[in-house]
Amino acid sequence: MVCVAVVNQKGGVGKTTVALGLASAAAAAGRRVLVVDLDPQANASTGLGMWEPALTVDHALETDRPGSLSAVVTRSSWPEAGLDRVPDVAPSSPLLAQREPQLANDPIGAQDRLHVALEGIDHELVLIDCPPSLGLLTVNGLFAADRALVVTEPGAWASDGVAQILRTVERISARRRDGLDVAGIVVNRLGRTRDARYWYEQLVETYGEQVLPPVHLRAAIPESAAQSLPIHGLGSRAGAGDAAAEFDALLAAVAPPPGRAGANGAAPSPAVDLRSEPAAAGAGPTDGDDHVSPGHANHDHANHDHANGVSDGAVRPSTVAQPAPEW
């Protein structure tokens with residue numbers, strides 16, 4: 001089992017969108033995938049068609065009992081069209097917001113209660129949609145995961161959050177005997193604007209090969225979530241096929257099937273997988289949507305320096321050559 005925590009301490013960057021897109025790609029490939037919705041907003045749950053579940057993650061975290069999540073896991077309500085296998089889900093509840101301060105009263109198991117609850121789960125891939133904050137729920141998600149996938153968008157403040165969450169992952173990794181890998185950084189809602197291009201290039205310059213295949217801004221993606229449908233099941237909807245291909249490429253970089261793992265069981269280098277999918281990684285919006293910048297469209301880029309996200313002591317890999325997406 002590979003367990004991936006989808007994280008960023010900043011909200012509004014589309015973590016849930018990416019988690020659902022990866023779940024759709026895994027299900028379309030016939031992989032047995034489980035989405036654990038750890039966000040009290042429960043957007044991943046409703047995106048999977050779960051509106052009023054009888055049991056939720058809150059019930060699993062109520063007691064420090066090994067394997068407690070098994071009783072919560074249920075089949076999602078996604079239709080089978082476009083998928084080889086329908087994902088399972090451990091749905092969320094607003095009650096999780098009250099569970100977090102209660103976890104703080106546990107002097108021993110506050111950080112790894114989800115890890116304990118996951119015992120006995122035998123899915124090939126587990127995706128944990130973490131809350132947009134650094135509380136005990138997110139910490140539990142990171143302690144339970146094998147890899148952390150950082151989601152951001154091409155904007156100043158969102159990009160600042162990348163360095164913050166990478167520091168958090170590094171601190172948690174130091175406290176785990178088996179460490180915690182960074183699966184990579186995915187830029188979500190990449191639009192065709194100078195502002196988006198500037199911030200995307202800043203991320204590539206700063207984090208190099210850790211930047212994975214981007215997810216472009218397309219109306220089909222939020223539409224699929226709003227309709228509780230997988231992006232791979234939208235059929236002929238304009239842009240849906242390109243979006244599905246991008247999530248396929250992202251899944252191959254983050255959690256490749258066991259047969260594509262390296263000799264030591266580790267995933268192949270994200271840089272290698274990223275370049276091996278040129279059509280998906282370089283695809284631009286094709287559905288005729290009016291693409292706008294996530295913000296800062298009037299920035300004078302000549303005045304930008306590396307103060308955003310590079311003066312905080314974060315560990316940065318060397319920059320590698322990376323073809324820019326189509327603009």
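Mentor: Contact, as the word is used here, means heavy atoms within 4.5 Å, and with neighbours up to four places away in sequence left out, Pro-257 touches Arg-31 and Glu-124. This is a predicted model, in which local features need pLDDT of at least 70 and side-chain atom pairs count only at pLDDT 80 or more, whereas totals for chains, interfaces and linings use all residues. Residues are numbered from 1 along each chain as its sequence is written, and side-chain values use heavy atoms, with hydrogens and water left out.

Pro-257 sits in the loop between helix 10 and helix 11 (270-275), where helices (H or I, at least four residues) and strands (E, at least two) are DSSP runs numbered from the N terminus. At a relative accessible area of 31%, Pro-257 is partly exposed, on a scale where buried means under 20%, exposed over 50% and partly exposed in between, with a 1.4 Å probe and protein chains only. Although Pro-257 and Ala-26 are 231 residues apart along the chain, their C-alpha atoms are separated by 9.3 Å. For the protein as a whole, 81% of the contacts with a separation of 6 or more are between residues 24 or more positions apart.

Helix 10 (residues 240-254), on one side of that loop, carries Glu-246, which forms a salt bridge with Arg-218, the closest N and O atoms lying 3.1 Å apart. Because Arg-218 lies in the loop between helix 8 and helix 9 (220-226), the pair ties together parts that are 28 residues apart in sequence. A salt bridge is counted when a side-chain nitrogen of Lys or Arg is within 4 Å of a carboxyl oxygen of Asp or Glu; in general, side chains of opposite charge can pair when their charged atoms come close. Both partners, Arg-218 and Glu-246, are buried. Between helix 9 and helix 10 runs the loop that holds Ser-228, a residue with a positive phi of about 55° although it is not a glycine, and Ser-228 is buried at a relative accessible area of 11%.

Helix 8 (residues 194-207) contains both Glu-201 and Arg-197, which are 4 residues apart, about one turn of the helix. An α-helix has 3.6 residues a turn, so residues three or four places apart point the same way. Glu-201 and Arg-197 form a salt bridge, with their closest N and O atoms 3.0 Å apart. Glu-201 is partly exposed at 35% relative accessibility, and Arg-197 is partly exposed at 38%. Elsewhere, a salt bridge joins the side chains of Arg-75 and Glu-80 at 3.0 Å, N to O; here Arg-75 is partly exposed at 47%, while Glu-80 is exposed at 54%. The structure holds 10 salt bridges.

Aromatic pairs are defined by rings of Phe, Tyr and Trp (its six-membered ring) with centres within 6.5 Å, planes under 30 degrees apart counting as stacked, over 60 as edge-to-face and the rest as tilted. A search of the whole structure finds 1 such pair. The rings of Tyr-198 and Trp-199 have centres 4.9 Å apart and planes at 80°, so the pair is edge-to-face, and both residues are buried.

From helix 4, Leu-96, Glu-100 and Leu-103 meet Leu-136, Leu-137 and Asn-140 of helix 6. The residues of this contact of helix 4 with helix 6 divide into 4 nonpolar, 1 polar and 1 charged, where Ala, Val, Leu, Ile, Met, Phe, Trp, Tyr, Cys and Pro count as nonpolar, Asp, Glu, Lys and Arg as charged, and the others, Gly among them, as polar. Helix 6 is mostly covered, with 9 of its 9 residues buried, whereas 55% of the 327 residues of the protein count as buried.
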